[in-house]
Amino acid sequence: MSRIGDLPIEIPEKVEVTVDGQTVKVKGPLGELERTFKPGIDIKVDENEVVVERNGEDIESRSMHGLVRSLIEGMVEGVSKGFEKKLEMVGVGYNAQVQGDKLKLEVGYSHPVIIEAEGDISFEVEKNTNITVKGIDKQRVGDTAAKIREVRKPEPYKGKGIKYVGEHIRRKVGKTG
């Protein structure tokens with residue numbers, strides 16, 4: 001039995017969940033999300049909670065049970081609270097600026113790197129080196145943060161690059177001469 005899939009999802013105030021067949025729409029104060037799931041999982045909305053049940057014992061239904069529940073819970077949390085990922089830049093001369101819905105990064109290349117916000121994503125920059133990626137879609141926030149980190153990954157000798165806040169970079173000892 002899926003321990004995660006059996007748990008009901010609490011629906012907070014000001015959040016509205018509607019189910020139309022296999023399509024789930026979640027509307028809240030921060031926006032609206034919609035997702036269609038594969039058949040094999042039944043999604044029901046009771047008074048103030050969502051219940052996810054599988055309608056078979058085949059391998060695919062069992063494996064999708066917990067996943068569908070987690071995805072719906074992420075949608076509910078996204079439209080009510082939102083998600084954010086924080087990154088920090090380490091390096092001399094590294095800085096970031098927000099220009100409209102674009103993020104301009106200067107990280108030691110001969111040209112600035114510009115990353116565009118997709119959909120509901122927004123950027124905030126503090127002290128020119130701390131970047132916050134915000135949005136209601138958990139997957140899109142994580143993908144955008146990973147794309148920013150990919151521009152200049154942290155290197156193990158001096159620790160320069162873009163890393164997540166709280167991420168530990170394993171340091172190596174340089175050459176001894």
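This report looks at the overall build of a protein and then at one of its helices, α2.

**The whole protein**

The model you see is predicted. The protein contains two helices and 13 strands. Its C-alpha trace spans about 65 × 40 × 25 Å along the principal axes. How does that fit with the radius of gyration? A compact globule of 177 residues would have a value near 16 Å, but this protein has 21 Å.

Here are some values for the protein side by side:

| Property | Value |
|---|---|
| Buried residues | 36% of the 177 residues |
| Accessible surface | about 11000 Å² |
| Part of that surface belonging to carbon and sulfur atoms | 47% |

**A closer look at helix α2**

Now find helix α2, which runs through residues 138–151 and has 14 residues.

Which residues of α2 are buried? They are V141, T144, A145, I148, R149 and V151. Looking down the axis of α2, you would see these buried residues fall within an arc of 150°, so they line one face of the helix.

What covers the buried residues of α2? The cover includes the strands β7 (83–90), β9 (102–106), β10 (113–116), β11 (122–126), β12 (130–135) and β13 (161–164).

Key:
Residues numbered from 1 in each chain as written. Predicted model: local features only at pLDDT ≥ 70, side-chain atom pairs only at ≥ 80, totals over all residues. Heavy atoms only, no water. Helix = DSSP H or I, 4+ residues; strand = E, 2+ residues; numbered from the N terminus. Expected span 1.5 Å × (residues − 1). Buried < 20%, exposed > 50% of the residue type's maximum accessible area, 1.4 Å probe, protein only. Arc of directions from axis to C-beta. Contact = heavy atoms within 4.5 Å. Rg over C-alpha atoms; globule rule 2.2 N^0.38 Å. Areas by Shrake-Rupley, 256 points an atom, 1.4 Å probe, with all protein chains shown as cover.
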